[in-house]
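Q: Please take a close look at one part of this structure, its aromatic rings. Cover their contacts in one connected answer.

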Amino acid sequence: MTNYYSCKIDELANYTGKEVTLAGWLNRLRSGGKVLFLMLRDGSGICQCIVEKEKIDPELFNQLKHLGQESSLQVTGIVRADERSVGGYEIAVSNAKIFCQSRDYPITPKAHGVEFLMKHRHLHLRSQRQWAINRIRHTVIAAVRSFFNDNGFTLIDTPIFTTAAGEGEQTLFGVDYFDEKLHLSQTGQLYLETAAMSHGKVYCFGPTFRAEKSKTRRHLTEFWMVEPEVAWITLEELMDLAENFVCSIVSKVLEENRNELNILGSDIESLEKIKGSFYRLTYCEAVEILKGEKTQEFMAAQLEGFLSREKQLKEKLKELTENQESAKKQWQKDKIATELNEINIELGELARKIENNPKHAKLAKDFVWGKDLGGSDETIISLMHDKPIFVTHYPKEVKAFYMKANKDNAKVVDNFDMLAPAGFGEIIGGSMREEDYDALMERINELGYNPQNYSWYLDLRKFGSAPHGGFGLGIERTIAWITGEKHIRQCIAYPRMMDKVYI
RNA sequence: UCCUCGAUAGCUCAAUCGGUAGAGCGAGCGGCUGUUAACCGCUAGGUUGUAGGUUCGAGUCCUACUCGAGGAGCCA
């Protein structure tokens with residue numbers, strides 16, 4: 001045999017009636033007295049392979065029958081269409097070769113806790129959900145690259161070991177670099193601006209490190225961010241760019257990953273609405289909305305929804321408890337117990353939401369102009385819209401030193417955040433950069449930064465300064481939003497969280 | 001850093017008032033020709049997170065600690 005396999009599972013439709021060889025891993029085995037069902041996984045999909053006792057070597061049949069989950073093997077047989085099979089095609093096995101018999105694979109087809117799965121992340125990556133998420137991640141990243149490559153941008157790789165700060169100094173990871181103190185990059189932006197003055201349109205894409213003490217479902221300490229930077233652009237044009245960019249990512253995923261989105265139970269209908277113009281609000285308008293009557297009504301309606309869901313669940317709980325008492329078989333009782341458990345978990349979540357709702361409503365109502373939008377404020381605005389929302393012109397005090405002051409209102413800057421819809425929150429932050437030497441210097445002094453650290457950055461404002469701006473998009477947040485995955489940690493193979501690194 | 005909840009078989013969870021620690025899945029063996037988280041029968045599997053305390057008796061009550069989950073704060 002020259003090759004390990006003759007085709008991949010996702011190509012089986014082209015081989016109906018022909019003999020093929022597949023190579024992969026045993027996802028699950030169901031055995032009958034004279035027939036075995038091998039669910040074979042090869043990275044491209046899952047295929048049911050039928051082994052009939054009379055049609056293969058009896059010794060081989062016996063070996064296959066006792067194969068453990070995740071054993072690796074080759075399977076040869078005729079492809080046939082069959083509605084009963086997952087994917088519509090199956091293999092009538094005539095021969096097989098076992099490579100590695102695995103025993104006691106830890107991840108079983110039943111429920112597992114977060115800690116257990118994270119400790120077994122190296123194996124968990126084989127599970128169907130993780131497989132689907134990582135395929136979508138691949139599409140997202142490919143779409144990011146081709147969007148910029150096709151629109152005249154030049155890729156510039158900015159350094160990971162950095163000297164310049166960029167964002168708040170407290171969120172830096174320090175590194176001992178041959179007795180010199182450097183830190184891990186938390187943005188490529190400052191370096192990228194230098195390259196924009198060479199190429200006009202540039203982007204960087206790489207890992208980003210933030211030592212934020214944020215233990216939430218939306219934060220990682222190491223995540224991937226793509227940042228375009230463009231010279232001779234206006235804020236409006238920058239937002240148009242961000243809009244087209246996000247649309248192109250979503251449409252690429254819809255085009256290439258229907259199957260994966262279905263596996264994950266993602267909200268495809270909502271994703272299909274992500275095209276055309278996004279909502280654009282100024283910070284002032286966003287504050288008005290938060291403080292307004294409509295938000296209070298919205299929050300009240302939300303609370304009502306929670307309460308009626310709670311009532312509904314409690315009734316179901318009662319009903320199930322009665323069923324459990326009358327159930328005769330032990331397994332029926334256990335099945336009901338599992339359902340009860342799930343309901344109790346949801347009730348716990350609801351109770352927290354019901355508790356938080358009035359607090360968030362009050363926070364919104366009492367919002368004072370000048371503060372940064374909090375997580376709950378973002379969520380409220382995001383929930384009230386069905387497409388992404390730009391929020392522009394934040395107060396300069398809550399934003400970074402390099403953001404350009406608005407020429408009509410010096411209290412605000414020409415920036416924007418893009419909030420994903422349906423409560424997901426921020427996925428992009430961007431701004432015009434201050435191009436005036438004196439204004440930038442003033443900001444650096446105001447904030448007490450050392451101008452010497454920024455001498456090369458300031459040079460850009462001395463030698464042919466030009467209007468320019470850019471933004472950064474968090475890859476994992478984008479994937480979590482698109483897939484509907486609750487926790488960002490599932491959107492990268494080996495997540496690094498503030499309080500925990502497993503493998 | 002704070003708040004809430006939790007830790008019992010490989011995994012997910014039960015265990016009523018403090019009174020002999022159980023089930024499902026997984027594993028092993030057997031049965032069954034079409035299964036879809038298959039099904040049926042049998043078997044093995046436990047120092048109840050750690051250290052103390054109360055008690056005739058502690059998985060259960062008390063104290064401290066360790067670890068985990070969720071949330072808050074913080075945060076491009």
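**A closer look at the rings**

A: Tyr283 has 0% relative accessibility, so the residue counts as buried (under 20% relative accessible area; exposed is over 50%, partly exposed in between, with a 1.4 Å probe and protein chains only). This is a predicted model, in which local features need pLDDT of at least 70, side-chain atom pairs count only at pLDDT 80 or more, and totals for chains, interfaces and linings use all residues. Side-chain values use heavy atoms, without hydrogens and water, while residues are numbered from 1 along each chain as its sequence is written, and chains are lettered from A and ligands numbered from 1 in the order written.

The whole structure holds 23 aromatic pairs (rings of Phe, Tyr and Trp, the last by its six-membered ring, with centres within 6.5 Å; planes under 30 degrees apart are stacked, over 60 edge-to-face, the rest tilted). Tyr283 and Trp369 make an edge-to-face pair, because their planes stand at 85 degrees, with ring centres 5.6 Å apart. Tyr283 belongs to helix α9 (residues 283–291) and Trp369 to the loop between α11 (330–365) and α12 (375–383), so the pair ties together parts 86 residues apart in sequence (helices are DSSP runs of H or I, at least four residues, numbered from the N terminus). Trp369 has 36% relative accessibility, so this residue counts as partly exposed.

Other rings form one aromatic cluster, with Phe147, Tyr203 and Phe471 among its members.

How values were computed. Helices (H or I, at least four residues) and strands (E, at least two) are DSSP runs, numbered from the N terminus.
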